[in-house]
Amino acid sequence: MNGFARPDGDRSVFGAVHLGYVVVQSNQLLDWRRFGAEAIGLHVDELDRDMLRFRLDDHACRFLIRRGPAEDAVALGWQVDDHETFDRIVARVADRGVPIIEGSPEEADLRGVQRLWRFAGPKGIAQEIFTTPVTTPEPLRMRSSGWVTGEAGLGHVAVVSREPEAMRDYYRTVFDSRLTDYIDENISGLRMKIRFLRVNERHHSIAIANIRGVKIDPLRTRVQHINVQSATLDDMLASFQRVTKLGFRMRWSVGQHSNDRELSYYCVTPSGFELEVGWNPIVIGPELESTWEPTTYQGISIWGHTTVGETVLDKFAQFRQAFASARTPEITVPRLTGGLSR
Ligand SMILES: [Fe+2]
């Protein structure tokens, strides 16, 4: 349950949806194991030679890494607090004529959830919803002291989009997401606008970046980064050191964000998208929520977050990808953008 008051008749699902897990498809399973367990400090369970799971808390699964060629996050799993809210979300999707299908018992089992359903999401990232996570009494064996999840969910997901308004509308239609704030920033010479959306007390569960004035996407991967939140500053800094020491690529050094004030660093996962490990972002609890007004920040960081090790080849690959992206439209789900939600 959540602490956000919902008067009778308010059909909003805001506050009752939490990022539960991420499904990644990769052929770099050995690297992922080493990266997740040894560098980041997650609990790892090896299911078989084609599947790994990482835990951050008592949920049996927070990351499912499955063998496959995508080298990307392919699905996001959202935990929904109760069956009534779940039914409401299913109805929103189905009533607009978007196929929504029940996951098989095997799929639910792999994700460690009950009542799994799946429907199409922006950029081809499948959206999955579930009610109850399978928890395990098995103690966590990991290098970190802990991770912050709970009401705020697993963390957040950031994407670059050529259709940022459509994506914002999608999450408003499906989950009653609210706009937390905007950041305007220049990154690698490009003028970016970033929209931060929340669905619960976490400052944002989704961040959508676009390049202003031109519809290009410089990234190969559908997600730009996934964020997880360390329990302590020491944990965050120790993982930073392990990432570097074990030879994984750092992308942005430690710094502090302007809007949610989170201290964090960004490193590159074995699949090529980034993982942000953060600490202590502001929490938008019921009291702050009641008076929150979106603002626009200039610049993504108050200090730090300087780029590390970006090569000329990286830049070249990004430009090549950007030009390629201009030829094919981005996947949106038009029936779930715009219109009144029920
Ligand atoms: Fe982030």
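Reader: How much space lies in the second largest pocket?
Author: About 210 Å³, a volume being the space filled by probe spheres set on grid points joined across faces, edges and corners. A pocket here is an open set of points on a 1 Å grid over the protein atoms alone, where a 1.4 Å probe fits, with protein on both sides within 12 Å along at least five of seven lines. Keep in mind that this is a predicted model: local features need pLDDT of at least 70, side-chain atom pairs count only at 80 or more, and totals for chains, interfaces and linings use all residues. Residues are numbered from 1 along each chain as its sequence is written, and side-chain values use heavy atoms, with hydrogens and water left out.
Reader: Which residues lie nearest its centre?
Author: Lys123, Arg162, Asp217, Arg222 and Glu330, out of 14 residues that line the second largest pocket; lining means an atom within 4 Å of a point.
Reader: And how does that lining divide?
Author: Six charged, four polar and four nonpolar. Asp, Glu, Lys and Arg count as charged, Ala, Val, Leu, Ile, Met, Phe, Trp, Tyr, Cys and Pro as nonpolar, and the others, Gly among them, as polar.
Reader: Switching topic: what domains is the protein divided into?
Author: Domain 1 covers 17-133 and domain 2 covers 150-325, with bounds from an automatic or database domain assignment. Their centres, taken over C-alpha atoms, are 20 Å apart. Each domain puts 40 residues into the contact, meaning heavy atoms within 4.5 Å.
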